[in-house]
Amino acid sequence: MKAVVWHAVGDIRLEDVPDPEIQEPTDAIVRLTASAICGTDLHMVRGTLSGMREGTILGHEGVGVVEEVGKGVRNLRRGDRVVIPSTIACGYCAYCRAGYYAQCDHANPNGPRAGTAFFGGPESSGPFHGLQATYARIPFANVGPVRLPDDVDDEDAILLSDIFPTGWFGADMAEIDPGDTVVVFGCGPVGQFAIASALLMDAGRVLAVDRVESRLEMARSQGAEVIDFEREDPVEVMLELTGGIGPDRAIDAVGVDAEPPHRGPAAEEAREHADEFRQEVDRVAPARNPHGDLWEPGEAPSQVLRWAVDGLAKAGTFSIIGVYAESAMTFPIGKAMNRNLAINMGNCHHRKYIPRLVELVASGAFEPSRLLTQLEPLSDAIAAFEAFDRREHGWVKVELEPVA
Ligand SMILES: NC(=O)c1ccc[n+]([C@@H]2O[C@H](COP(=O)([O-])OP(=O)(O)OC[C@H]3O[C@@H](n4cnc5c(N)ncnc54)[C@H](O)[C@@H]3O)[C@@H](O)[C@H]2O)c1
Ligand SMILES: [Zn+2]
Ligand SMILES: [Zn+2]
């Protein structure tokens, strides 16, 4: 079968690989009808999420049809159409039963304290082969995959695999009360779904920060008040727009590849931190392999953490869904402590949110596919990765279509 395979930092390839097989009784084999590229994949190609094993199939977003199930899978059968949660969880440990699927005790072969098990990730996450492929082995298939109603098509369903639940999780952890002002950093796919989720949770106002025009435009079309951090100082504007109080809640939907402003009124302060930022990049991305303007790590890993803590209202809540490598160490602890900020963060417990979001989408209350901008065949995956990495105009969320 065809799959996108990680070889080294800056080196991914579309290749022929062997078809997956059932290994455990709770496995299923799914034929993928939709996959997608995520900002998390970019961290792995840029080297800011290190520890990838050569030969790992990338991708953790998938929709498909069940081909085969092990004898421990009694709730699915061949022919069922499912959305696959990005994270893998056993369903029986105390963490899973409490809804903390991303902290499952059993799914990660590296042990209960090793961290979140997910498809197509680094050694420490399994590793498990990913979903940018024609077929995939789904461990704990009796727990993860959620059956799809016929009226939820692949274009909507693929966004339910990771980024809609993650945006929802971010808004949930932000403790949004009706009427709250929420600032979302990053208007990539995850940021767009954080904006949508905050609005669905009755946020009074949503501010959205990025520098990519077409992404800011999409945020504006959702009703967000947009801030271009290379034209204005985002912290100043956040305060200005809220009567000097600051937003009640902030969501980081950027993560470790954050960029500093290279121009505009905030650039000077960022330049003052240039040495610190460089040290942060060296720590999180010891191996880098940019090709021209491709696969460049973000230059300021802690930029969003600094802005969010600076701009939030006193006693506000900061929700971090942007991914930071375990080696990332910088956080403005002093300011956060002295403002009584609450901080919640982590990997999404996808399986906790997906069933309800499938119903929300089936009801017609929200159509996630309006935030999908590209539909590319899996055969063009590498070019699609490059366009997404470059944040080319109009490229926000990319669905990949495997052809069996
Ligand atoms: N916690 C989870 O479970 C989970 C799940 C999925 C994705 N993620 C993470 O969410 C993050 C976003 O994913 P994505 O697919 O939207 O990625 P993306 O790379 O497409 O989007 C990131 C956006 O942030 C913007 N940005 C860069 N520096 C910024 C700054 N200083 N201030 C504001 N915006 C800035 C970029 O211009 C870009 O538009 C990634 O870190 C990804 O790994 C987390
Ligand atoms: Zn993802
Ligand atoms: Zn578990």
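Which residue takes a positive phi in the hairpin of strand 1 and strand 2? Gly10 does, with a phi near 75°, and this hairpin has two residues between its strands. Keep in mind as you look around that this is a predicted model.

**The hairpin**
- Strand 1 (residues 2-8) and strand 2 (residues 11-16) run antiparallel, and six bridges join them.
- Find Ala8, and you'll see it standing opposite Asp11 in strand 2.
- Strand 1 is largely enclosed by the rest of the structure, because five of its seven residues are buried.

**The zinc site**
- Four cysteines hold on to the zinc ion (ligand 3) through their SG atoms: Cys90, Cys93, Cys96 and Cys104, at 2.3 to 2.4 Å from the ion.
- Along the sequence, these donor residues follow the spacing C-x2-C-x2-C-x7-C.
- Two of them, Cys93 and Cys104, link distant parts of the chain and are eleven residues apart. Cys93 is in the loop between strand 5 (81-84) and helix 2 (94-97), while Cys104 is in the loop between helix 2 and strand 6 (135-138).

**Helix 5**
- Helix 5 (residues 189-200) has twelve residues and reaches 16 Å from first C-alpha to last, close to the 16 Å expected at 1.5 Å a residue.
- Ten of those twelve residues are buried, so helix 5 is largely enclosed by the rest of the structure. Among the buried ones are Pro189, Phe193 and Ile195.
- The cover over these buried residues includes helix 4 (163-173), strand 8 (181-185), strand 9 (205-210) and helix 13 (381-389).
- Just after helix 5, Asp202 takes a positive phi of about 70°.

- In soluble globular proteins, nonpolar side chains tend to be buried together.
- The largest nonpolar core here has 49 residues, and Val83, Leu160, Phe164, Val184 and Ile251 touch the most other members.
- Strand 3 (28-37), helix 5 and helix 12 (350-362) are among the elements that each supply at least two residues of this core.
- Leaving out residues up to four places away in sequence, Phe164 touches Phe193, Ser197 and Leu200, among others.
- Another core lies apart from the largest one, with 28 residues including Trp6, Ala285, Ala381 and Ala384.

How values were computed. Residues numbered from 1 in each chain as written. Chains lettered and ligands numbered in written order. Predicted model: local features only at pLDDT ≥ 70, side-chain atom pairs only at ≥ 80, totals over all residues. Heavy atoms only, no water. Donors = N, O, S within 2.8 Å, 3.2 Å for Na, K, Ca; no water. Helix = DSSP H or I, 4+ residues; strand = E, 2+ residues; numbered from the N terminus. Buried < 20%, exposed > 50% of the residue type's maximum accessible area, 1.4 Å probe, protein only. Pairing = 2+ DSSP bridges. Expected span 1.5 Å × (residues − 1). Contact = heavy atoms within 4.5 Å. Core = buried A, V, L, I, M, F, W, Y, C linked by side-chain atoms within 4.5 Å.
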